[in-house]
Amino acid sequence: MTEHHSDDLVGTISWRELAVEAAARLVACGVEAADLEARWMAEEASGIESRDWFLENAELARRRGVASFEEMLDRRLGGEPIQYVLGHWAFRRLDLTIDRRVLIPRPETELIVDLALRKIAARAIERPVVVDLGTGSGAIGLSIAAEHAKAEVIATDVSSGAIAVARANIAGLGRAGARVRIHEGSWFEAIPESHRGEIDVVVSNPPYIGEDEILPRSVIDWEPADALVAGPRGIECVEHLLVEARRWLAPGGAIILEMASDQTPAAAELARLAGYVEVVIEADLTRRPRFVSVSLP
Ligand SMILES: C[S@@+](CC[C@H](N)C(=O)[O-])C[C@H]1O[C@@H](n2cnc3c(N)ncnc32)[C@H](O)[C@@H]1O
């Protein structure tokens with residue numbers, strides 16, 4: 001146990017009291033989940049594990065922890081999303097390091113991993129090659145590596161900042177990390193030529209917002225625009241990936257894309273015209289059509 005000098009203590013204020021005060025300030029700023037967010041920041045600053053919070057939150061706060069807590073609170077009060085303030089966020093089984101270089105992984109994206117795992121299982125291949133294009137934090141690709149015992153995962157991004165974050169997140173995978181390769185570059189240009197015609201499953205949550213679309217302030221102000229905006233119409237990256245994937249997939253290979261719900265009919269139509277089969281539009285947890293899953297004959 002660490003020895004603490006009495007001057008490390010900030011008076012006699014406990015972490016619980018600090019969290020309560022912070023929650024009141026967050027409420028005044030219009031933060032909806034103020035109690036929860038204040039608690040998360042207090043856990044982060046104090047080192048109290050989430051499962052122990054109610055047992056240990058009467059612990060007195062120490063100077064260094066309080067300085068870090070106040071810095072986090074100031075950032076949150078300044079409008080920065082809680083995920084960036086905490087510096088990590090849960091996605092399926094993973095706790096991903098994140099910062100402003102990457103999109104905050106969204107819960108609805110978790111489902112595309114299930115769709116990809118299903119397609120991988122249908123291939124019945126010993127060591128399937130799976131590609132996650134535009135990996136950002138690594139959320140999709142690293143989850144597949146963590147949840148499939150043998151998949152070889154190639155994760156790419158055009159942003160060097162995102163590549164650095166995804167690489168850092170490989171560490172959280174343990175031994176499964178040895179099956180992940182990360183490459184920087186634009187879409188399929190990042191993939192080693194030797195994989196042409198040999199990829200079993202391509203998965204991507206590409207940018208799909210149109211240039212004129214209105215987004216929430218917290219997204220525009222804090223998240224990377226290049227991760228969100230695809231072009232004037234919004235569907236440009238989805239179209240590019242559907243067309244290009246044909247040259248990279250193995251016979252019978254599949255591509256699964258996340259997109260806006262109103263883009264799914266056009267993407268499905270394009271896929272049929274491009275010669276794909278098993279063209280299926282899949283819904284997210286709120287039952288909105290959000291994914292297009294297709295295979296090569
Ligand atoms: C909507 S974000 C998705 C991030 C992550 N896959 C997720 O689901 O949280 C889109 C990602 O595509 C990347 N991207 C944008 N244009 C790209 C391109 N031309 N080639 C590769 N990646 C690109 C962005 O940098 C960003 O990380």
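User: Let's start with Thr135: which of its atoms lies 3.3 Å from a nitrogen atom of the ligand?

Analyst: Keep in mind that this is a predicted model. For a polar contact, you look for a pair of N or O atoms within 3.5 Å. Here, a backbone N or O atom of Thr135 is 3.3 Å from a nitrogen atom of the ligand.

User: And which side chains have polar atoms at such distances from the ligand?

Analyst: Ser186 has a polar side-chain atom 3.0 Å from a ligand nitrogen. Asn205 also takes part, with a side-chain N or O atom 2.9 Å from an oxygen atom of the ligand. As for cover, the ligand taken alone exposes 600 Å², and the protein buries 93% of that.

User: How many residues surround the ligand, and of what classes?

Analyst: To read a shell, count its residues, then sort them by class. The shell splits into 8 nonpolar, 8 polar and 2 charged residues.

User: Where does the ligand sit?

Analyst: The ligand sits in the largest pocket. That pocket holds about 860 Å³ of space. It is lined by 42 residues, and the closest to its centre are Leu103, Asn205, Pro206, Ala227 and Leu228.

User: Which elements give two or more residues to that lining?

Analyst: Helix 7 (139-147) and strand 6 (152-157) do. By class, the lining of the largest pocket has 21 nonpolar, 11 polar and 10 charged residues.

Terms used
Residues are numbered from 1 along each chain as its sequence is written. This is a predicted model: local features need pLDDT of at least 70, side-chain atom pairs count only at pLDDT 80 or more; totals for chains, interfaces and linings use all residues. Side-chain values use heavy atoms; hydrogens and water are left out. On a 1 Å grid over the protein atoms alone, a cavity is a set of points where a 1.4 Å probe fits but cannot get out, and a pocket is an open set with protein on both sides within 12 Å along at least five of seven lines; lining residues have an atom within 4 Å of a point. Grid points are joined across faces, edges and corners, and a volume is the space filled by probe spheres set on the points. Helices (H or I, at least four residues) and strands (E, at least two) are DSSP runs, numbered from the N terminus. Ala, Val, Leu, Ile, Met, Phe, Trp, Tyr, Cys and Pro count as nonpolar, Asp, Glu, Lys and Arg as charged, and the others, Gly among them, as polar. A polar contact is a pair of N or O atoms within 3.5 Å; within protein, one must be able to donate a hydrogen and the other to accept it, and residues adjacent in sequence count only if both atoms are side-chain atoms. Accessible areas come from the Shrake-Rupley method with a 1.4 Å probe; for residues, only the protein chains shown count as cover. A molecule sits in a cavity or pocket if more than half of its atoms lie within 2 Å of its grid points.
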